[in-house]
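Open the structure in your viewer and keep the selection tool at hand. The tour goes from one stop to the next, and each stop tells you what to select.

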Amino acid sequence: MKRKGILIVVSGFSGVGKGTLMRELLRTYDNYALSVSMTTRKPREGEEEGVSYFFVDRETFERTIRQDGLVEYAEYCGNYYGTPKEYVERCLAQGKDVILEIEIQGALKVRERFPQALLLFVMPPDAEELRRRLAGRGTEEDAVIRRRLARAQEESKGIENYEYIIINDDLQACVQEMHAVITAARRAPGRNEEFIADIRSGLSALVKGE
Ligand code: ADP
Ligand code: 5GP
């Protein structure tokens with residue numbers, strides 16, 4: 001059965017391990033494509049153009065909005081972030097499952113535009129482990145870590161908007177679990193409307209032919 005891919009939105013607190021998890025998922029399974037976002041934020045040390053993000057100025061970003069070139073966009077901490085449309089549409093048509101790693105405002109816009117998108121929220125096993133990971137990454141100082149934890153507290157209010165939570169405790173177990181959740185979610189009737197319609201018309205033809 002030829003199928004179109006599904007759109008998967010992944011959100012989660014800063015430092016929970018989304019980036020690490022996405023890298024492992026893509027390395028382990030070949031049916032996923034990760035969308036690269038456009039942003040007006042400046043690149044951090046080690047980030048690569050076209051791999052981490054497409055880094056653009058505000059004028060270019062606003063032009064892309066006007067040209068309807070984004071699936072969604074949001075302003076986050078004073079910068080624009082958005083999902084370029086062309087890559088997403090091409091991958092879905094090729095049957096790939098496309099992952100958008102985006103924050104909650106964007107996630108809700110995606111769900112409005114694509115009601116069948118699968119919304120996943122990555123959680124740490126407990127709050128203290130989130131603090132440890134933020135500190136362990138070594139890229140943020142104490143004040144920044146406190147700000148990110150306060151932000152996590154805010155973001156935690158939106159978790160019920162997501163379809164599943166994914167707990168990132170042991171990384172490999174988490175990769176397996178995420179793949180299992182996506183595999184099961186693909187079988188929801190709402191994500192198989194064409195297939196169901198085909199079976200119905202096949203049955204109707206058989207019944208008429210009797
Ligand atoms: P995010 O993209 O959500 O901000 P990162 O992928 O940068 O998070 O991960 C934050 C830190 O946590 C990194 O140092 C990473 O190596 C570590 N980490 C990620 N997943 C796990 C895990 N399952 N167990 C322990 N440490 C983890
Ligand atoms: P950072 O600056 O740490 O890379 O990202 C800040 C936040 O923006 C993260 O929560 C990240 O998931 C989110 N983000 C990254 N790309 C996009 C995007 O294309 N759209 C939206 N809405 N959020 C994004």
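A polar contact is a pair of N or O atoms within 3.5 Å. Keep this cut-off in mind at the first two stops. Note also that this is a predicted model.

**Stop one: ligand 1**

Select ligand 1 and the 13 residues around it; the nearest are Gly15, Lys18, Thr20, Asn168 and Asp169. Now show the backbone atoms of Val16, where a polar atom is 3.4 Å from an oxygen atom of ligand 1. Move on to Gly17: one of its backbone N or O atoms lies 3.0 Å from an oxygen atom of the ligand. At Gly19, the corresponding distance from a backbone N or O atom to an oxygen atom of ligand 1 is 2.9 Å. Ligand 1 taken alone exposes 570 Å², and the protein buries 72% of that.

Next, select helix α1, residues 18-28. This helix gives the most to the shell around ligand 1, with three residues.

**Stop two: ligand 2**

Select ligand 2. Which of the 14 residues around ligand 2 come nearest? They are Ser37, Arg41, Tyr53, Tyr81 and Glu103.

Show the side chain of Tyr81: an N or O atom there is 2.5 Å from an oxygen atom of ligand 2. Then show the side chain of Glu72, which has an N or O atom 2.7 Å from a nitrogen atom of the ligand. For Glu101, turn to the backbone, where an N or O atom lies 3.4 Å from an oxygen atom of ligand 2. On its own, ligand 2 exposes 520 Å², of which the protein buries 89%.

**Stop three: a pair of helices**

Is the crossing of α5 and α6 left-handed or right-handed? The crossing is right-handed.

To see where the helices meet, show the side chains of these residues:

- in α5, Leu130, Arg131, Leu134 and Ala135
- in α6, Ile145, Arg148, Leu149 and Ala152

By class, the contact of α5 with α6 has six nonpolar residues, two charged ones and no polar ones.

Note on methods
Residues numbered from 1 in each chain as written. Chains lettered and ligands numbered in written order. Predicted model: local features only at pLDDT ≥ 70, side-chain atom pairs only at ≥ 80, totals over all residues. Heavy atoms only, no water. Near = heavy atom within 4 Å. Polar contact = N/O pair within 3.5 Å; in protein donor to acceptor, adjacent residues only side chain to side chain. Areas by Shrake-Rupley, 256 points an atom, 1.4 Å probe, with all protein chains shown as cover. Helix = DSSP H or I, 4+ residues; strand = E, 2+ residues; numbered from the N terminus. Left-handed = near helix turned anticlockwise from the far one by under 90°. Contact = heavy atoms within 4.5 Å. Nonpolar A, V, L, I, M, F, W, Y, C, P; charged D, E, K, R; others polar.
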